[in-house]
Amino acid sequence: MFPQFKELPIQPGAPPGSAWGVFDKDGKRDIYGTLNFITPEAVITAREEIKTGESAVLNLPLHLPYHPDRIGRTKFHHRLIADMFEMTACDDEVTVNTQATSQWDGLMHYADPERRTYYNGVSYDDAALRRTDRSLCIDTWSQRGGIVARGVLIDYVRYAAKKEIVYNPLGPHAISLEEIEEIVAEEDLEIRPGDVLLVRCGLSKYIRESLPDDITPFDAAYTQVGVDPSPEFLEWLWNHNIAAVAGDALAFEAIPATDGTHQRLHKTCLSGWGMPIGELFDLEALARIAEKNQRWSFFLTVSPLNIQGGANTLSNTVAVF
């Protein structure tokens with residue numbers, strides 16, 4: 001039904017390996033990218049993953065990780081307002097940068113830096129600077145009903161412990177496609193079209209245990225743990241019709257990649273395919289439930305922040321077993 005990776009692009013003049021035009025329909029330019037892999041049939045099938053009724057929220061507390069201001073992002077601030085309306089009642093006021101904690105990169109987060117274009121050829125200048133094109137803003141995900149899908153967990157922490165692989169969760173460390181395929185086999189997973197792929201690197205465990213004065217992921221933003229964004233891995237992602245990727249790493253992809261490049265996955269997934277990327281997820285409770293049940297697939301929901309004209313969203317992600 002869909003072209004293979006080696007057949008991309010299908011649109012003349014589109015970037016190499018991009019999916020521009022693949023999901024266009026009835027003469028209309030697509031705005032949902034790889035979320036199109038999540039068909040109604042895939043959602044109905046995903047509900048079969050609910051067997052024990054256990055669930056896990058995949059969001060870190062909003063104040064974690066500490067010190068996003070070290071890379072120019074506003075720190076989380078919470079103000080409790082008591083005695084509202086002269087009643088025994090409280091309100092909250094919060095300030096948060098949606099990229100400072102568990103979050104999904106929307107399709108306006110990262111444009112192809114050479115072409116200055118977002119997914120499907122949307123102009124960066126029109127969308128981000130002039131604000132005349134809002135077709136890829138984060139509120140479109142709410143309009144489509146959020147994200148409801150089958151999730152699969154690739155637990156690299158578990159795999160590394162069994163293989164006696166020692167690494168620093170602050171990086172640099174790159175997880176290879178070969179290792180991912182070994183984990184898929186060990187976990188007896190079947191990867192299906194429309195799946196959301198989650199990779200646990202162990203960073204959320206470190207963040208949960210960290211103190212304000214400890215080194216944070218933001219202190220080493222250019223040497224990060226994550227999946228090695230090799231051409232082979234990108235081909236594997238596309239050919240499996242993965243709908244979205246996420247993990248507890250700062251950028252999901254390793255920085256730098258093993259070939260020394262930076263941000264290849266962001267460029268390919270976001271501006272090339274329209275594939276959401278989840279970052280800084282809290283995967284510890286999810287991993288415990290999966291280990292207990294010896295089952296690494298689950299029902300997954302995402303309720304994006306409905307920010308009119310926004311670029312990204314806090315994670316708001318829940319897994320149900």
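## Helices, sheet and pockets of a predicted model

The axes of helices H4 and H5 come within 10 Å and cross at roughly 95 degrees. H4 and H5 are therefore roughly perpendicular to each other, a label given to angles of 65 to 115 degrees, while those under 35 count as roughly parallel, those over 145 as roughly antiparallel and the rest as oblique. Axes here are lines fitted to C-alpha atoms, for helices over the stretch in contact, and angles run from 0 to 180 degrees between N-to-C directions. Helices (H or I, at least four residues) and strands (E, at least two) are DSSP runs, numbered from the N terminus.

This is a predicted model, in which local features need pLDDT of at least 70 and side-chain atom pairs count only at pLDDT 80 or more, while totals for chains, interfaces and linings use all residues. Residues are numbered from 1 along each chain as its sequence is written, and side-chain values use heavy atoms, with hydrogens and water left out.

On the H4 side, the contact with H5 is made by Tyr156, Tyr159, Lys162 and Lys163, and on the H5 side by Glu179, Glu182, Ile183 and Glu186; contact means heavy atoms within 4.5 Å. By class, three of these residues are nonpolar, none is polar and five are charged. In this scheme Ala, Val, Leu, Ile, Met, Phe, Trp, Tyr, Cys and Pro count as nonpolar, Asp, Glu, Lys and Arg as charged, and the others, Gly among them, as polar.

H5 (residues 177–186) also meets helix H7 (residues 231–239): their axes come within 9 Å and cross at roughly 40 degrees. That angle makes H5 oblique to H7. Leu177, Ile180 and Glu181 of H5 make the contact with Glu232, Phe233 and Trp236 of H7. The classes here are four nonpolar, no polar and two charged residues.

H4 (residues 156–163) leads back to the strands, as this helix lies across E5 and E7 and runs at about 15 degrees to E5. Strand E5 (residues 147–155) and strand E7 (residues 196–200) run parallel and are joined by five bridges. Within this pair, Asp155 stands opposite Arg200 in E7.

E5 and E7 belong to an open sheet of nine strands with mixed pairing, in the order E1-E13-E11-E5-E7-E9-E10-E4-E12. Two strands are taken to pair if DSSP finds at least two bridges between them. Strands of a sheet pair through backbone hydrogen bonds, either parallel or antiparallel. The edge strands are E1 and E12 (313–314), each of which pairs on one side only.

Ser55 stands opposite Val320 of E13. E13 also pairs with strand E11 (residues 297–302), in the antiparallel sense and over four bridges. There, Leu300 has Ala319 of E13 as its bridge partner.

The loop between E1 and strand E2 (77–82) holds Pro65, and the peptide bond joining Leu64 and Pro65 is cis, with omega about -5 degrees. His67 lies in the loop between E1 and E2 and has a positive phi of about 65 degrees, although it is not a glycine. Another cis peptide bond runs from Leu8 to Pro9, with omega near 0 degrees. Pro9 is found in the segment before helix H1 (40–46).

On a 1 Å grid over the protein atoms alone, a cavity is a set of points where a 1.4 Å probe fits but cannot get out, a pocket is an open set with protein on both sides within 12 Å along at least five of seven lines, and lining residues have an atom within 4 Å of a point. Grid points are joined across faces, edges and corners, and a volume is the space filled by probe spheres set on the points. The whole structure has one cavity of 30 Å³ or more, and the volume of the largest cavity is about 30 Å³. Its lining has seven nonpolar, two polar and one charged residues.

The largest pocket holds about 450 Å³ of space. Its lining has 18 residues, of which Ile71, Arg73, His109, Ala221 and Gln263 lie nearest the centre. Nine residues of this lining are nonpolar, six polar and three charged. The second largest pocket holds about 270 Å³, and its lining includes Met1, Phe2, Asp24, Lys25 and Arg144.
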